[in-house]
Amino acid sequence: MSPMAPNSVSSDYPPHLTPERLEYLISNLKDWSIAHGLAVRPAPSFVSPENDPSGVLANSAPVTLFPSLFPKSCFEEALAIQSTYNELYCAIANDEEWLGSVVQELLDIDDFVAQLWDVHIKIKNEGYVQNLSLGLFRSDYMVHTNPEDPNAGSEVKQVEFNTIASSFGGLSSQVSALHRHLLSIGAYPPETSSLLNDDTLPESKSAVSLAAGLAAAHKAYGPSKSSNPTCVLFVVQDPERNVFDQRHLEYALHSHDKVQVFRLPFGQILKDTELANDRTLLYVPPFAPDTRYEVTTIYFRAGYSPDEYKSEEYWTARYHLERSAAIKCPSILTHLAGCKKVQQVLATPHSPHLSKFLSDESKASRVLKTFAPIYPLDESEAGKEAQKLANNPDSASRYVLKPQREGGGNNVYRKAIPPFLKDLPKSKWPAYILMEMIEPPPLTNTILRNGEIQKGGVICELGVYGVCLWEANGGEGGQNKILENFEAGYLLRTKGDQSEEGGVAAGFGSVDSCCLV
Ligand code: ADP
Ligand code: MG
Ligand code: MG
């Protein structure tokens, strides 16, 4: 029954379930999930396309049976600093000179970053026609307890900051609602009531909050310039298994002022959109080719990974959207602000960077506390130290090596680092950063994935969503003017403790919610 390692730490949580209670819990969980769109399209390995030729089947998303225990103080701190993180990344995305100096080191060795930068430079030279920018961010954390001093308390340490296609905001609202539903129908044993109750299970408002961010951008765009009706475009992958996560945002946005949303596969951009002379972006729906919609906002749920750019045409398409008058979520500069290299530069000890972007010292110091040690792998002093750590199997086992990539499955972990570097030309090493592994306290839970129950030790990763809408140089003295800035709900992802990667979509993890302790 259990492909995950049994947890060595004895724990009363989650509680033991009688077979009858387990059956009650699972049957409710399965049906509630499908009834509420806590679902994904099946993996081809699970249901072959021949068995579902019309693509009508859906699976319940991998979820935990119980909410995972999470320290309340850590949860509250992570949510409380989100608006500061929004402010920080908005400031970075607006400081083209600073961002340029950070990506400079990557341009010769990371083709993807170089191509993105190139698109920005081309448009900068001709002039941008939209200075509003939208970020739907997600800052990811793990709980860190000092192994030398477990009584010192727990803190959250940031895994990474996502600026493009931050996913699961739709499903995370549903999973927190699922766990509250299971509680309210008595699926959890009565002896857990002091732990599991309405006060300890926080709802996640991510779906409506992220949709509110899109709605704010749609409104801030102003009236149609082309006298066509307006719309928001979701640029998506095709096929997309995580479609319901995105649909939840679409439906929330649609019910808000009836904003019209269209899904546009990344490969169809040049076919289905036009730029007017003033660079107004028009969407031509294939189902009604004589009509035009003026696009106010482009929400990228695709385009973050180099393998999506299958030919030069895909780069032309990204350029075409970026130079348009639509508000981009994210713009190229905001996308690049999410590079792991930026995170590493910010985390450099005693560096002036953080205070440059966050002039309020108390805000900067709260953000600083969430940084784990991260090193460059270049020829700087710190880089040479990091090279030594990464090449020694003993020290490397405390680190993860990350390239400038998104979407999971790209990192190299622990003892695999030295042999990986041995095969990589040294000139390419600076394309990576070396990060200390965060070692969260051991926990236990049960995951239901594709009908299979997996029980054992787990690792949880908290994501906090943030919405930021700003106008570059729109404030006094050419400062950035922030129009919207708010925390937008949370996500908990939980994986078996034998897996280094946590991606739900990549098949490693599950969606979860918090039980605050
Ligand atoms: P991506 O942008 O591809 O999601 P991440 O930096 O989030 O890249 O790394 C992917 C996964 O690897 C994370 O979800 C987490 O499970 C694990 N991971 C990354 N960095 C660390 C770290 N410093 N400590 C522990 N686990 C980590
Ligand atoms: Mg990421
Ligand atoms: Mg991640």
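Visitor: I've got the structure open. Which residue stands opposite leucine 282?

Guide: Leucine 282 faces glutamate 294 in β11. Keep in mind that this is a predicted model. As for the general idea, strands of a sheet pair through backbone hydrogen bonds, either parallel or antiparallel. Here, strand β10 (residues 281–283) and β11 run antiparallel and are joined by two bridges.

Visitor: What other strands pair with β11, and in which sense?

Guide: Strand β7 (residues 230–236) pairs with β11 in the parallel sense, over six bridges. Strand β12 (residues 327–329) is also parallel to β11, with three bridges. For landmarks, look at valine 235, which sits opposite phenylalanine 300 in β11, and at isoleucine 298, whose bridge partner in β12 is lysine 328.

Visitor: Is strand β11 mostly covered or mostly open?

Guide: Mostly covered: of the eight residues in β11 (residues 293–300), eight are buried.

Visitor: And how should I read a nonpolar core?

Guide: In soluble globular proteins, nonpolar side chains tend to be buried together. In this model the largest nonpolar core has 136 residues, and the members touching the most others are Leu233, Val235, Leu336, Leu434 and Leu462. Strand β18 (residues 452–471) supplies the largest share of that core, 10 residues. Both domain 1 and domain 2 contribute at least three residues each.

Visitor: Which residues does valine 235 touch?

Guide: Leaving out residues up to four places away in sequence, valine 235 touches several, among them Leu264, Phe266, Ile269, Ile298 and Phe300.

Visitor: You mentioned domains. Where are they?

Guide: The domain assignment puts 19–45 + 57–372 + 438–516 in domain 1 and 373–437 in domain 2. Their centres, taken over C-alpha atoms, are 26 Å apart. Where they meet, 22 residues of domain 1 contact 21 residues of domain 2. On the domain 1 side, α12 (340–346) and α4 (96–107) each give two or more residues, and α12 gives the most, with four. By class, that side has 10 nonpolar, five polar and seven charged residues.

Terms used
Residues are numbered from 1 along each chain as its sequence is written. Chains are lettered from A and ligands numbered from 1 in the order in which they are written. This is a predicted model: local features need pLDDT of at least 70, side-chain atom pairs count only at pLDDT 80 or more; totals for chains, interfaces and linings use all residues. Domain bounds come from an automatic or database domain assignment. Two residues are in contact if their C-beta atoms, placed from the backbone, lie within 7 Å. Ala, Val, Leu, Ile, Met, Phe, Trp, Tyr, Cys and Pro count as nonpolar, Asp, Glu, Lys and Arg as charged, and the others, Gly among them, as polar. A nonpolar core is a set of buried Ala, Val, Leu, Ile, Met, Phe, Trp, Tyr and Cys residues joined through C-beta atoms within 7 Å. A residue is buried if 20 or more other C-beta atoms lie within 10 Å of its own, exposed if 12 or fewer, and partly exposed in between; C-beta atoms are placed from the backbone. Two strands pair if DSSP finds at least two bridges between them.
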